[in-house]
Amino acid sequence: MIAAAKYLRRDPQEVTPWAETCGQIRPLIEEHDEAAAEVHQVEIDHAKLHFHTKTDEIYYIIDGSGTMILDDEVIEVHQGMVVYVPRGIKHKAIGSLKVLTICIPRGVMHDIHELE
């Protein structure tokens, strides 16, 4: 068994991004790190409407502005805002946004159900 790390330190600039449901993702804390949550830096780009059955997400807007679809509602978001998205809520972000997502519990990459 691998001993758990005492802490993790990752610089987003040192993580190679890849495309996923919401845009370009830089996984900063991943499932294999065995932390209680996952943390991703995401640059929103043509996000697809989706939901999670087991994962809650917290979006922190690092930069930019736009909107988010949350089930049948559309809300405005901008730098500095936090949006909590409980599991089961259909959602996507629209606009020029850089966000930090915190996913609880870990395993979100296996819990994405795209609707479009």
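Begin by selecting Ile44, Tyr59, Met68, Val83, Leu97 and Val99, which touch the most other members among the 15 residues of the largest nonpolar core. A nonpolar core is a set of buried Ala, Val, Leu, Ile, Met, Phe, Trp, Tyr and Cys residues joined through side-chain atoms within 4.5 Å; buried means under 20% relative accessible area, exposed over 50%, and partly exposed in between, with a 1.4 Å probe and protein chains only. Two or more residues of this core come from each of β3, β5, β7 and β8, and β5 gives the largest share, four residues. Nonpolar side chains in soluble globular proteins tend to be buried together.

The model is a predicted one, in which local features need pLDDT of at least 70 and side-chain atom pairs count only at pLDDT 80 or more, whereas totals for chains, interfaces and linings use all residues. Residues are numbered from 1 along each chain as its sequence is written, and side-chain values use heavy atoms, with hydrogens and water left out.

**Strand β5 and its partners**

Next, select β5 (56-70). Strands are DSSP runs (E, at least two residues) and helices are H or I runs of at least four, numbered from the N terminus; two strands pair if DSSP finds at least two bridges between them. β5 runs antiparallel to β8, joined to it by 14 bridges, and Aspartate 56 stands opposite isoleucine 104 of β8.

Follow β5 to β6, its antiparallel partner over six bridges. Here glycine 66 is placed opposite valine 77 of β6. In the hairpin of these two strands, with two residues between them, select aspartate 71, which takes a positive phi near 55 degrees. Then move to glutamate 76 in β6 (residues 73-78), which counts as exposed because its relative accessibility is 68%. A distance drawn from its C-alpha atom to that of glutamine 41, 35 residues apart along the chain, spans 20 Å.

Now select β7, which pairs with β5 in the antiparallel sense over four bridges. Tyrosine 59 has valine 83 as its bridge partner, and isoleucine 58 stands opposite tyrosine 84. On β7 (residues 82-85), Val83 and Val85 form the covered face, while Val82 and Tyr84 form the uncovered one. In a regular strand, side chains alternate between the two faces of the sheet.

**The cavity**

Which residues lie nearest the centre of the largest cavity? Select Glu20, Cys22, His40, Glu57 and Thr101, which belong to a lining of 14 residues. On a 1 Å grid over the protein atoms alone, a cavity is a set of points where a 1.4 Å probe fits but cannot get out, and lining residues have an atom within 4 Å of a point. At least two lining residues come from each of β3 (38-44), β5 (56-70) and β8 (91-104). The lining divides into eight nonpolar, four polar and two charged residues.

**The cysteines**

Finally, select cysteine 22 and cysteine 103. A disulfide is a pair of cysteine sulfur atoms within 2.5 Å, and the count by this rule is zero. Cysteine 22 is in no disulfide, its nearest cysteine sulfur being that of cysteine 103, 9.1 Å away. That distance is too far for a bond. Cysteine 22 is buried at 7% relative accessible area, and cysteine 103 is buried at 0%.

Key:
1 Å grid on protein atoms, 1.4 Å probe; cavity = no way out; pocket = protein on both sides within 12 Å on 5 of 7 lines; lining within 4 Å. Nonpolar A, V, L, I, M, F, W, Y, C, P; charged D, E, K, R; others polar.
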